[in-house]
Amino acid sequence: MKYVNASNILPEKLIAEIQKYVQGETLYIPKPEKSYRKWGSCSGARKSIDERNASIKHAFTNGKSIDQLADEYFLSVETIKKIVYSNKKH
């Protein structure tokens, strides 16, 4: 997160109004909710994990054991259980 000097981007009237509430402090202004993105959506990490999880579910459905999947995917048994027993569609 980068910091921007308010006087460089905001009108003086708005700065004066904000100063009624806070002065000389760092103020975080969040994005509007509609512009939020899910974790990993920009980097492709979410898609990669979803594909991995779908592959794990498929292998489990086709007879691989939870222990085998944990070894194959380098995940804990508990993580594999969460993946194969979740109802989330991929």
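This is a predicted model: local features need pLDDT of at least 70, side-chain atom pairs count only at pLDDT 80 or more; totals for chains, interfaces and linings use all residues.

Numbering starts from 1 along each chain as its sequence is written, and side-chain values use heavy atoms, leaving out hydrogens and water.

Start by selecting residues 45-61, helix α3, and residues 77-85, helix α5. Their axes sit 9 Å apart and cross at about 85 degrees, so α3 is roughly perpendicular to α5 (that label covers 65 to 115 degrees). Helices here are DSSP runs (H or I, at least four residues), numbered from the N terminus.

Now show side chains where the two meet: Arg52, Asn53, Ile56, Lys57 and Phe60 from α3 against Ile80, Ile83, Val84 and Tyr85 from α5 (contact means heavy atoms within 4.5 Å).

Next, zoom in on Phe60 and Tyr85. Their ring centres are 5.8 Å apart with planes at 85 degrees, so the pair is edge-to-face (centres within 6.5 Å, planes over 60 degrees apart). Phe60 is partly exposed at 26% relative accessibility, while Tyr85 is exposed at 54% (buried is under 20%, exposed over 50%, partly exposed in between, with a 1.4 Å probe and protein chains only).

Last stop: select Ile56, Ala59, Ile66, Leu69, Ala70, Ile80, Ile83 and Val84, the largest nonpolar core (buried Ala, Val, Leu, Ile, Met, Phe, Trp, Tyr and Cys joined through side-chain atoms within 4.5 Å). Helices α3, α4 (66-73) and α5 each supply at least two of its residues.

Terms used. Axes are lines fitted to C-alpha atoms, for helices over the stretch in contact, and angles run from 0 to 180 degrees between N-to-C directions. Angles under 35 degrees count as roughly parallel, over 145 as roughly antiparallel, 65 to 115 as roughly perpendicular and the rest as oblique. Rings of Phe, Tyr and Trp (its six-membered ring) pair if their centres lie within 6.5 Å; planes under 30 degrees apart count as stacked, over 60 as edge-to-face and the rest as tilted.
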